[in-house]
Structures are given as structure tokens and as C-alpha cells.
Amino acid sequence: MHPDLILAAGVSSPAIADAVASAIRLTTPLLLTALGAVFTERGGVVNIGLEGMMIFGAFWSAWGAYTYGPLAGLAIGAVAGAIMALVHAIVSVTFRVDQIVSGVAINTLAYGLVRVASQALFHSATTSPSVPSLPRIDVPVLDQIPALQPLMANLSPLIVFAFVLVPVSWWVLNRTVFGLRLRSVGENPLAADTLGINVVLMRYSGVLISGLLAGLAGGYLAVEQTSMYVEGMTAGRGFVALAAMIFGNWTPVGAMFASLLFGLADSLSIRVTIPHVPYQFVNSLPYILTIVVLAGAVGHARAPAADGVPYERSGE
Amino acid sequence: MKGLRKGYAWAIVLMLIVSLLATACGQKPAPPQQTEQPQWKVGIVYDVGGRGDLSFNDMAAAGLDQARQEFGTKLQTSELEPTGTGEDREALLRTLAEQGYQLIFGVGFLFTDAIANVAKDFPNTKFAIIDSCPEGNLPNVACLQFKENEGSFLVGAAAALKTKTNTVGFVGGMQIPLIEKFEAGYTAGVYYINPKIKVISKYAGTTSDAFANPTKGYELATAEYQAGADIVYHASGKTGEGVFKAAAEQKKLAIGVDADQSLTAPEDERPYILTSMRKKVDVAVYDTIKAFTQGQFTAGPQYFGLKEGGVDYSINQYNKDMMSDIQPKLDELKQKIISGEIVVPTSMKEFNDTFKKAVGSSGH
């Protein structure tokens, strides 16, 4: 037992480890979504529908976990996110609708569809019954070190998966033909097209990957974190993840650090009590941090040149 | 250009689908239930979530069901539920009033402005709102409010009697005076039993989504347990689902709110729910309908406290063994509150300014 973290007083090391463990749990959904966002934006498609894809993933993963178990549930959640992403891709890549408009529509659509489905499947518009989670895992060896114990024991496998996905994403983007083609389509689709790269296919892939990961992030919230679906449980995390991806300069590693920063800020706002400072101020810190960081960082960040620009072959 | 125009067409189609869905999932007027002329027409507009939320709306519905059972065909009822984020609360109330419903309920404090507006336009229709009271003493609006602080006092006392670490916790939803009333009652109950017990209080946020953020509830409760609390009381709606999960994981206790949450919790979390602070919305709804049918509708604030059976702590088959040793003490406190010997504070300010002194001087 240790006291609540109080900034004025001394801080014990298990308290720090607990706070960091909490930060990592809060980071995971942001990280998964932000990694997906890197793929869609590097391919040149802005996706502000991530929040809707997360909502969709959260609901369908809860349904899947309820019906077929947690692993199938998470897979179904990811596929559900990808289905929403497919809608976004059809509308914004094939039909070249403004990507922002399509993203907003996705968010509204997901919200409405999930309500209807929840009413039909769970007989409640806003909540699912309790669903099973994946078994928790311990990182071998490291979980024996007392100071690291809260960080390394009793973890959701998805947390490990999310962090392993960071180097994998880097490798895919920077060291594979697919990654090169995806990036070229985001920078200069006309040149890529001239070289025989299928622009539409590449852009679909990017958007679909973002949907898969956002759906999985929703699944993490519902199946792993809460063991049930609750309407509104994504609480704007899709937008925060988008901000993390931009702050992370459209790179997987950057997105990871930005997600960690937001997760840590969130965890500290939960755990730190600063005497004589209004509680609301501490609670709004993550959001203030988001704005400050974006205002400071975006100047230096560089978006893919053709990000957000629909590609249309001339002469069509 | 052709592609662009095609694109807009698609956007419009998409928007149409969205709005269609939004309408389709919100409006569910109950089919007319009988052909013979009913004596009373009672309507109810739930808050977002509607029937099946296992909480507030469901309890209001239970009150209505009870009245329906008692009055049978003499009572015609209609139930509506707002769409999405609930901007159409006022429109739904107005619809019922125009259809000649004589008594119309708005379930929840978010109806405050809507009910005030509609009540002014339909002076001959009676309205009842739960958990709030519009300003201006409207002659046709009954305000059904609960003394959540009294029920919270009892569960606070229960926590204080059960804690082994001399530290207990509180997780609130949205930080508003209504939820602070729970916190104040709880803190006072703990203090009354033992002033040395520490209460750690945290809130999930300052907007209404603080009631639907179980991830945050889990983190808040985990933080409180890790800081030494062994019992955490939540007054945070669905956010509390995360509190129960944290309790089960840490093998510590939690206290539920509004409904008897031991009954709806998943099996593996049940042993960790000490009790629940019951807020009997069903009693308030039923009593109001009953009074109305007897021609005794009363406008203005009405309070449902321990005395009126509006709040209580819960005993059920799952927690009765855990609670049996402290029940006599809790019932003694209940009587003291009913008799007025203990005045439970309604805000943290009242707790700090008057309650602490009162307890100190009574030599408790």
C-alpha cells in the first residue's frame, strides 16, 4: 500500500510504476488507431472517420466476444472497422468526395448503425451484456523485478501486440515494396500512376489498414478494458489518435511517442492531486497539452504532399 | 467535373441514409393498447438509452409498468425515447402534450429546460421531471427529487464499518452538484463512523460523457485501490462498470448506485459488490401516477428520502452474508436520519462547514 501520488510530497517507485502501467493501458487504443492513421494518410487519404470505426469495432467486438469468445470478438471488431473503412474508401477514393465530409458521415453513420444493431442484438440501445476478455499474460523474467512488476505482469495481449506493431509498421512502410508504393501514392499520385502503380488499390489498402486497426482499438476498449460495450465509450479517442499521428510526424515511431505522451498525461490527471489547484484544471491538462503540442509541432511536421487530395486521372 | 458532381450525389445519399437511420431508431411510439376509452393518459419520455439501460430509465419504466398493472385498461400510456444525443427531448414532450396526454414524465435532469418550455405552452397538462426542478415555480410541474445524500450516508457508514485499511474511495461521473450530493452524503457517513478514515474522491469528467466512460472508471478505481482504499463507491452511471471490473481484479470491494447492481453485475464481479445505494425512481414514478389518478397531483419539489422509501441500501442473496453483521448499525442510523437526529449534508461545503462540527459537538 502506498499513498496517492501527491506532487508536493515524495513519490514512491511502485506508485510511479502503477501510474506508468495505467498510462500504457490508456495509450494502447490511441497507439493502434494512430498506427492505422499513419497508413491511410501516407497513402494520401485523410481519415477523420477513425472515431466512427472505433465505435463500430467496439460494438461488433463485444458482440463477437459475447457470441464466439474474445479472440473471435477482436477479429470481428477489426473486420467491422475495416468495413466502415471500405465505405470511406469507396466514397472518397472511387467517388472522390471530400475526405473530410466522408469522414464526418462515417462517424455519424457508425453511431446510428451501432444503436440499431445494439437494440436488435442486445435489446438495449446503449449497452451489451458482460463479455469475456483474453487471458492476461506476464512478460517472462521482467515480471520478476518488483519495480517493473505492474508494467510487466497481468497484461492484455493486445498491449504487447500494439507495441510490437510499431517496428513492424516502420518496416512495412520503409522497407517493403508495398510501403514504397503506398508512400509514393501519397506524395505524388500522378507520378506513381505513370510508373504503373495502381493508385486506387494502394489508397484502398491504406484506408482499410486504418479501419482494421481502429476497429481493433475499439475492440481493446470493449473486450479487453471494460468487458462490455457501452455507448460513447470511445470518448473522442479516435480524434486524439489522429492528433497523435500528426504530432508524430506521420511516422509509426513518432505516433507511438505521441500516443504515450497523451496516455501519460491522461494517467497523471487521474492519479496526481496537486494541492490548491482546481480538479477541473488537472483533468483538462491532456487536452491543453494536445493543443499546445499541436500548435508547436505541426509547424515542423510535414504531411504527405498529396494528403487529402482526391486523385483523378486526367482525360477521364 | 463529372466525377465531382457524382461525388456530391453520393455524399447526399449518405447523409440521407444517416438521417433516416437516426429517425428510425429514435421514434418508437407504443401502439395503441385498447379500443375502449381510457380514463387517464400518461406519457413518459426516457432519456437517451431508453428501456433496457439496466439503470435509470429501466427503473422509471418499472414504475410505469406497476401503474399499468394496477390500473389496466383505465390507463393509456405512451413511451418515447430521444434520438442520438437527445436534442429532440422538447419535441417529444410537445408531441405527447398535443396528443392529449394528461401527465407527462421527463426522465432525468437533462429535461429541465425542455419541460419548462412545454409546460408553459400547455398549462392544463401536468408534467413531472425526475432529478431536477425548472425555475419559476410552474404550477403544473412536479419535481421528483431524491435525497441521494441520505442513501449515500448509509453506504458510507457501511464502507467505514467494513474497511480494513481505514481508506475508502469515491468515483463520481460528471462533476455537478447532483453528484456531489452523493459524495457529501458518503463522506459524511464515513466520517460519522470514524473521522480518521480517509476518503479519496475522484470524478470522471465535467461533461455528460463522464457517465459513459468505463475505461476511465476502471483507471480511477484502480488508482484509488492502489492508493490504499479497499472499498470504492461509484455514482457514475456506466462509468461504474469499470469500477466493478477494477474491484474484481484487485479483489477489493465496490458499492453500486441507483439500481441494486449486484443483481445485474456479471457473476465474477458479484462477490466484490458490498451493497448498492438504491434510488427508487420506480417508487417516485408510481406514486406520482397514483396521486394523479386520485386527483392529488402536487406541483413543485417533492423529495424522496429514507423516510419516503425513495432511497435505501440494498440487501440481496449475494451480499446478505457480507452485510449481516453491520445491518443493525445501518438500520439504527437510518432511524436517526428519519427522526432528524442526523442531518445529512447535501454538499461538500455543508459537510465541511456544519456537519463536521455537529458530529464533533455531539461527542460522537
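This briefing describes the fold of chain B and the confidence of its prediction. The model is predicted, so local features are taken from residues with pLDDT of at least 70, side-chain atom pairs count only at pLDDT 80 or more, and totals for chains, interfaces and linings use all residues. Residues are numbered from 1 along each chain as its sequence is written, while chains are lettered from A and ligands numbered from 1 in the order in which they are written. Chain B has twelve helices and twelve strands; these are DSSP runs numbered from the N terminus, with H or I over at least four residues for helices and E over at least two for strands.

**Confidence**
- The predictor gives the complex an ipTM of 0.83 and a pTM of 0.83.
- Chain B has an average pLDDT of 88, and 88% of its residues score at least 70; pLDDT is the predictor's confidence in each residue, from 0 to 100.
- Within chain B, confidence is lowest in helix α1 (residues 2-26), with a mean of 55, and highest in helix α5 (residues 148-162), at 97.
- Residues 23-34 of chain B have a pLDDT below 50, and this stretch has 17 contacts in the model beyond near neighbours in sequence. Two residues are in contact if their C-beta atoms, placed from the backbone, lie within 7 Å.
- Where pLDDT is low, the predicted coordinates should not be read in detail.

**The sheet**
- Six strands of chain B make an open, parallel sheet in the order β2-β1-β3-β4-β5-β11. Strands pair if DSSP finds at least two bridges between them.
- At the edges are β2 (75-80) and β11 (300-304) of chain B, each pairing on one side only.
- From one strand to the next, the twist averages 20°. Axes are lines fitted to C-alpha atoms, for helices over the stretch in contact, and angles run from 0 to 180 degrees between N-to-C directions.
- Strands β4 (residues 126-130) and β5 (residues 141-146) of chain B pair in the parallel sense over four bridges, and B:Phe127 stands opposite B:Val141 in β5(B).
- Helix α2 (residues 56-71) of chain B lies across β1 (40-45), β2, β3 (103-106) and β4 of chain B, at about 160° to β2(B).

- Of the 364 residues of chain B, 55% count as buried. A residue is buried if 20 or more other C-beta atoms, placed from the backbone, lie within 10 Å of its own.
- Helix α9 (residues 281-293) of chain B has 13 residues and reaches 19 Å from its first C-alpha to its last, close to the expected 18 Å. The expected span is 1.5 Å times one less than the number of residues.
- The buried residues of α9(B) include B:Val281, B:Tyr286 and B:Ile289.

Note on methods
Buried ≥ 20, exposed ≤ 12 C-beta atoms within 10 Å, placed from the backbone.
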